[in-house]
Amino acid sequence: MFLYAYVYNRFMLLVANWKMNFTVTEAVRNFKKFSKLESKNTEVIIAAPQVSLATLGELAKTTENCPLKIAAQNFDFHPNGARTGETGIAQIIDLAPYALVGHSERRMYYHEHDKDCAQKVAAALSVKIRPILCVGETALERERGHAELVVRTQVAAGLAGVPSNRLGEVIIAYEPSWALSTATNAKLCDPREAKRMLGIVRDEIKALFGAVGARKVAVLYGGSVDSDNVTSYARTSEAEGFLVGGASLNVYSFRDILDKMELLK
Ligand code: PEP
């Protein structure tokens with residue numbers, strides 16, 4: 001009953017990860033459609049492709065009653081300087097109030113390690129950008145029985161540079177990479193298993209910062225979430241929101257997820 005109240009009376013987060021999709025023109029067109037979405041109990045965040053970050057960041061600020069906030073998908077932890085081709089954290093301060101850190105695709109394709117994630121989380125906080133730290137095991141790690149250890153290690157490493165008085169600004173998304181819609185042989189994570197793993201995330205935060213600290217961090221779930229399964233994930237997994245890839249590319253499929261979340265109240 002307590003958990004029911006805990007989940008159902010909370011303001012939730014819904015993050016659309018547009019990944020490496022859309023030209024700037026397409027992103028603007030989509031943003032305009034998404035900005036008509038109605039949400040009362042859900043904070044809607046668009047993780048914009050880097051090429052569109054400045055344009056969408058400005059649009060989010062100048063569009064009247066815009067319900068959307070912008071997140072960067074990636075950044076360099078250095079504020080600025082001699083890093084050709086990169087985007088420094090200080091360059092996005094006035095564009096994106098949120099930033100993804102350590103998405104599994106960055107860990108997999110760009111070899112981002114826990115140490116990089118720790119630096120990025122700390123760098124984001126230093127300029128008052130809320131980091132969304134992504135954690136989750138691969139299929140092989142799960143097969144080998146290492147899922148819990150991997151996730152605990154990623155959480156502990158990612159939070160290593162976070163002072164306890166800034167913990168409430170951090171968001172953690174548990175996303176098992178084998179459950180992403182784009183994974184080879186993608187499988188849905190059973191909502192009960194998602195609940196267990198989100199419990200591991202919370203338990204690790206508790207071990208590091210105590211029970212009060214653990215309650216400050218919003219913990220999201222991501223992995224093939226769509227309008228058919230979002231209610232079940234919300235009810236069973238006790239996630240405080242969702243990170244959505246594939247189903248966020250189209251305003252209608254995204255709206256259906258948002259509408260279901262709004263009904264959870
Ligand atoms: C993601 O890549 O963050 C994600 C959750 O993707 P999908 O919803 O497509 O599984």
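The model is predicted: local features need pLDDT of at least 70, side-chain atom pairs count only at pLDDT 80 or more, and totals for chains, interfaces and linings use all residues. Residue numbers start from 1 along each chain as its sequence is written. The chain holds 10 helices and eight strands. Its radius of gyration is 17 Å, close to the 18 Å that the globule rule gives for 265 residues, so the chain is as compact as a globular protein of that length. Helices (H or I, at least four residues) and strands (E, at least two) are DSSP runs, numbered from the N terminus. The radius is taken over C-alpha atoms, and the globule rule is 2.2 Å times the number of residues to the power 0.38.

**Overall packing**
- The C-alpha atoms fill a box of roughly 45 × 45 × 40 Å along the principal axes.
- Of the 265 residues in the chain, 42% are buried.
- Buried means 20 or more other C-beta atoms within 10 Å of the residue's own, exposed means 12 or fewer, and partly exposed lies in between, with C-beta atoms placed from the backbone.
- Among contacts with a separation of 6 or more, 71% join residues 24 or more positions apart.
- A contact needs C-beta atoms, placed from the backbone, within 7 Å.

**Barrel**
- Eight strands form a closed barrel in the order β1-β2-β3-β4-β5-β6-β7-β8, with parallel pairing.
- From one strand to the next, the twist averages 25°.
- Axes are lines fitted to C-alpha atoms, for helices over the stretch in contact, and angles run from 0 to 180 degrees between N-to-C directions.
- Strands β1 (residues 12-17) and β8 (residues 241-244) run parallel and are joined by four bridges.
- Leu14 has Phe242 in β8 as its bridge partner.
- Pairing requires at least two DSSP bridges between two strands.

- Phe22 has a phi near 80° and sits in the loop between β1 and α2 (24-34).
- Phe22 counts as partly exposed because it has 19 C-beta neighbours inside 10 Å.
- Asn65 has a phi of about 50° and lies in the loop between α3 (53-62) and β3 (68-72).
- Asn65 counts as exposed because it has 6 C-beta neighbours inside 10 Å.

**Ligand shell**
- The ligand is surrounded by 14 residues, the closest being Leu180, Ser181, Gly222, Gly245 and Gly246.
- The shell has five nonpolar, eight polar and one charged residue.
- Ala, Val, Leu, Ile, Met, Phe, Trp, Tyr, Cys and Pro count as nonpolar, Asp, Glu, Lys and Arg as charged, and the others, Gly among them, as polar.

Key:
Near = placed C-beta within 6 Å. Contact = placed C-beta atoms within 7 Å.
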